[in-house]
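Here is a short briefing on one protein chain. Keep the structure open and find each residue as you read.

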Amino acid sequence: MLAAGAVAGMLPLIHAHSFMAVMLVGTCLALFNLRRWRIWLVFLVTATLIALPQLLWSTHGSAVNMRSFIAWKYGWDSGDENFFWFWLKNTGLFIPLLIAALLWKGEKYLVPRRLLFFYLPFTLCFIIPNLVKLAPWVWDNVKVLFYWWIASAPLVALLLARLWEGSIGSRVLAGTFFVILTLAGGLDVFALLTRQGEYGEFDRDGVNFAEMIKQQTPPRATILHAPVHNTPVFLTGRRSLMGYPGHIWTHGLDYGPRERDIKKIYAGEPDAAYLLEKYGVDYVVVDPQELSEMKVNAAFFSRYREVVSIGEYHLYKIKP
């Protein structure tokens with residue numbers, strides 16, 4: 001439990017929602033096992049002591065807006081749709097079969113008492129995300145909902161296995177349920193295998209441009225580019241002044257001021273040179289994405305040395 005606590009304590013910087021789920025379930029399991037409270041105390045204290053400095057470091061003095069994470073939100077991402085219809089439509093027979101597995105009783109219950117008490121804390125990973133928004137983007141509640149599904153899937157599988165052990169009719173029913181439960185995932189896999197709906201992230205010039213950046217710039221160079229999700233700079237390992245706003249927002253970061261400054265730089269406004277110095281920008285990219293996303297002042301960048309040029313992709317060296 002000491003080792004488990006150490007591993008759990010390293011989760012905040014890796015995946016904060018996983019840390020939240022692990023500590024929630026772990027605390028409940030500790031309450032269900034009060035006779036073994038000492039080993040659970042070892043786990044909880046170890047995880048807390050290791051995690052606390054990470055949580056303080058990641059939230060203190062940072063651009064993270066903690067108020068954007070927690071708010072009442074009934075029904076997760078169902079909007080105005082009926083709660084029960086939303087979940088039936090999105091999970092199909094999974095929840096009804098899960099309930100059937102929990103209630104199934106022959107000579108004895110399908111889910112024994114000990115397994116039931118192990119499973120119950122995971123239901124909080126379903127209940128809480130359906131009552132509270134746990135991230136700026138409510139869809140990210142799925143990061144906690146996933147742990148409910150992980151614990152529930154074996155119980156549904158157990159029900160199907162029990163049906164398969166019965167008569168021919170029970171086997172047909174088990175097979176039908178299995179197909180229905182896996183059909184949506186099967187369709188996703190089929191689409192990937194048949195290469196349907198492919199999207200290009202980088203063109204050939206963009207990939208070659210990234211290779212030239214790696215050859216012409218130091219590893220820790222800071223590069224300015226358009227705030228998009230697929231700039232070739234992301235293929236270089238170099239530091240970026242700002243990434244994709246849609247991704248930054250989901251982490252509770254206030255990107256507005258920096259985005260406005262980036263637009264000022266590309267427009268060549270009077271304080272553009274000052275802003276380049278303020279942010280420590282070493283290089284600036286001008287390619288089709290910058291030209292389509294914002295106003296670019298070509299005359300302003302002509303004062304800087306162009307170090308890479310491939311097709312419509314250009315890299316300017318800012319610092320002498």
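Leu276 touches Leu224, Ile265, Val281, Val284, Phe300, Tyr304 and Ile318, leaving aside residues up to four places away in sequence. This is a predicted model.

- Leu276 sits in helix H12, which spans residues 272–278.
- Is Leu276 buried or exposed? Its relative accessibility is 2%, so Leu276 counts as buried. The cut-off for buried is under 20%.
- One of the residues it touches is Val284. Val284 belongs to strand S5 and is buried too.
- Leu276 and His314 are 38 residues apart in sequence. In space, their C-alpha atoms are 17 Å apart.

- Strand S5 covers residues 283–286.
- Which residues lie on each side of S5? Tyr283 and Val285 are on one side, and Val284 and Val286 are on the other. All four are buried, so both faces of the strand are covered.
- Strand S3 (residues 222–224) runs parallel to S5, and two bridges join them. Here Ile223 stands opposite Tyr283.
- S5 and S7 run antiparallel, joined by four bridges. In this pairing, Val285 stands opposite Leu315.

- Strand S6 holds residues 305–310, and strand S7 holds residues 313–317.
- How many bridges link S6 and S7? There are five, and the pairing is antiparallel.
- Ser309 has His314 in S7 as its bridge partner.
- Two residues lie between the strands of this hairpin. Gly311 takes a positive phi near 60 degrees.

**Two loop residues with positive phi**

- Trp76 is not a glycine, yet it has a positive phi of about 55 degrees. Look for Trp76 in the loop between strand S1 (71–72) and helix H4 (83–91).
- Trp76 counts as buried because its relative accessibility is 6%.
- Arg195 is not a glycine either, and it has a positive phi of about 55 degrees. Its loop runs between helix H8 (168–193) and helix H9 (204–216).
- Why does Arg195 count as exposed? Its relative accessibility is 62%, and the cut-off for exposed is over 50%.

Conventions
Residues are numbered from 1 along each chain as its sequence is written. This is a predicted model: local features need pLDDT of at least 70, side-chain atom pairs count only at pLDDT 80 or more; totals for chains, interfaces and linings use all residues. Side-chain values use heavy atoms; hydrogens and water are left out. Two strands pair if DSSP finds at least two bridges between them. Buried means under 20% relative accessible area, exposed over 50%, partly exposed in between (1.4 Å probe, protein chains only). Contact means heavy atoms within 4.5 Å.
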